[in-house]
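Student: I am new to this one. Please show it to me, and then let me ask about it.

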Amino acid sequence: MTPPAGPLRVLVCAVRAEAVEWCMLLGWLLSFGADRCKSMARLDFDIIVVGAGHAGCEAALAAARMGARTCLLTMNLDSVARMSCNPAVGGLAKGQLVREIDALGGEMGKVIDATGIQFRMINTGKGPAMHSPRAQADKNAYHLEMRRRLEAQENLLLRPGLLTSIEIRDGTVRGVQTQGGEPYRAEAVILATGTFLNGVLHFGPSVRPGGRMGEPSAVALSHSLREAGLELGRLKTDTPPRVNGLTVNYEALEPQHGDPEPRPFSFSTDRITQEQMPCYMTRTNPRTHDIILAALDRAPLYDGQITAGLGPRYCPSIEIKVLRFRDKDHHLLFLEPEGRDTPEVYCNGLFTSLPGDVQEEMVHSIEGLEHAEIMRYGYAVEYDWVPPTQLRPSLETKRVAGLFHAGQINGSSGYEEAAGQGIMAGINAARKLQRKEPLVLGRDEAYIGVLIDDLVTKGTEEPYRMFTSLAEYRLLLRQDNADRRLMKYGHENGLVSEGLWRRLQKKEADIAAVLTHINKARREGKTLAQLLRRPEVSLDQLAELDAHLAELAGDRQVREQVEIEVKYEGYLRRQRGQVERFRRSEDSRIPSWLDYEAIPELRTEAKEKFAAVRPVSLGQASRISGISPADISMLMVYMEGRRRLKAGRGSASPSASRK
């Protein structure tokens, strides 16, 4: 309808325009309200993971894949899975951790297989228990690939945010609060804060807040954790300088190449196809050491500026190495490329927080680096951590129900140790919501089990690093059989695909078939198994003489498992016997309500330590630092007496037993 002419038309048009504006405003308000409601709904989760480092990524993926609505909060989306220190995954004992993470359904092994630039199996000159895979990483490609997988994961929302406090009610976690004031609600929270918890950076005399160079630290969160009743401490670690590879004299250096047939980390990766890049070795020298010693009065580690101690024992700063080993005239350094598309090279072994001018002089004193340009200086970071004896073996805090910790907040060091804790925290947070018992891996089942048990039972006074020597049953906990040990747990929790699970079942059947055949088939009066026990005989050689064996043992992994089972049969049998005795002590459960003060025969120190750790079994109790065999005997006698008393009186409640 066309409005009339003249003033009336003007009035009608004005009314119509105002009506349109009001309709637009109403529509905008309705849209805003709907979006706001959606936004608020998005802030209501089952599980919140704080920190997108290696622990946080594994925790978030595990929880989401187990069906929990999960939010992964990180201060910087561009720092997801960033390798703050060395550009590598795996290594001595760490490679075993990565393969275990993969067997449980984790992601680290898959991502490094896709983005690695060099793959090596180290310690191959020793027995199979010592073999450990290691890979150089393309740092940026690793970060981007992990972020892509997080963003594609169903049930998982990746969001930026700086955490300021944990919301706790009646001793149970209810969510978190961010700096912007947004309340995130959840039934479980996993803290994987890395070095960002009240982090402080040291570079020469310069001191500034930060969890990593160029990134802030989470200061308020430490106060919130203390308010929750948790004890906090301080730790520190260092990074080395990075140099421009275009200015390095590689002709003076010794190259280190990857394996010609690289082995993948992940059991789902068939083979590594990408081109590999070399690393290079060089050394410090007496002149380097003189430069460092002359500058110790300017070293934050020695002038009182850093108060958190000396840092990781097995990854020390160059200042500590030069002082501690004055009889050595050199220390080995590895120059590791940080990626395919960057000239940046990581100077592994040159960890330091010395001032920039000292770092320049120090680097230029080293062969091959005489004219190297430093692209990033080394620095140290001090950060808060929560001593892990305050955790249950499930990684849930004892004081706050539903609050889990994983990674460097627990006092560990290394990407692999963090990722191993992360996947276990994610699994156990999801299982808690499902009203299931936590998954706790034994020391006889996994390096991850050794790692977590050491942390929650013994604690640590310095950044904890995994070594093969820490595992009592390392011949059973090899990198090559992680799938046979742990994939059942990944499958039970919905983290391992049916296809991968069926592949493992076929592998087990093939191993059994080969073992049966070689124990029956004979040559020259001896079974093939007896011949295989000879050091100079391999399964491949026997397969050349036996067509049926060649058919049965066509898969390399099957051949490897059979050869280890046969050649190390006596050692494996002995270690399995030790495991059986170990499990008996682990099966002797200690009730959570036990009052250690009520055991008069116990030493005061033992009472205090038992009460602090709250061991779940006699086995765990025996591993607490400072606990003697006599303490365990007294505890066993008391528990047996209570058991008999309970049996004589019928079923008594814990409260009645304490009276």
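**A helix pair and a loop residue**

Tutor: H54, A55, E58, A59, A62 and A63 in α2 meet Y415, A418, A419, G422, I423, G426, I427 and A430 in α10. Contact means heavy atoms within 4.5 Å. This is a predicted model, where local features need pLDDT of at least 70, side-chain atom pairs count only at pLDDT 80 or more, and totals for chains, interfaces and linings use all residues. Residues are numbered from 1 along each chain as its sequence is written, and side-chain values use heavy atoms, leaving out hydrogens and water.

Student: Is α2 roughly parallel or roughly antiparallel to α10?

Tutor: The axes of α2 (residues 54–65) and α10 (residues 415–433) come within 7 Å and cross at roughly 30°. Angles under 35 degrees count as roughly parallel, over 145 as roughly antiparallel. Therefore α2 and α10 are roughly parallel.

Student: Is D480 buried or exposed?

Tutor: D480 sits in the loop between α11 (447–458) and α12 (482–492). Buried means under 20% relative accessible area, exposed over 50%. D480 has 3% relative accessibility, so it counts as buried.

Student: Which side chain joins that of D480 in a polar contact of 2.5 Å?

Tutor: A polar contact is a pair of N or O atoms within 3.5 Å. The side chain of D480 makes one with the side chain of R478, at 3.0 Å. The 2.5 Å contact is with Q561.

Notes
Axes fitted to C-alpha atoms, helices over the stretch in contact; angles between N-to-C directions. Helix = DSSP H or I, 4+ residues; strand = E, 2+ residues; numbered from the N terminus. Parallel < 35°, antiparallel > 145°, perpendicular 65-115°, else oblique. Buried < 20%, exposed > 50% of the residue type's maximum accessible area, 1.4 Å probe, protein only. Polar contact = N/O pair within 3.5 Å; in protein donor to acceptor, adjacent residues only side chain to side chain.
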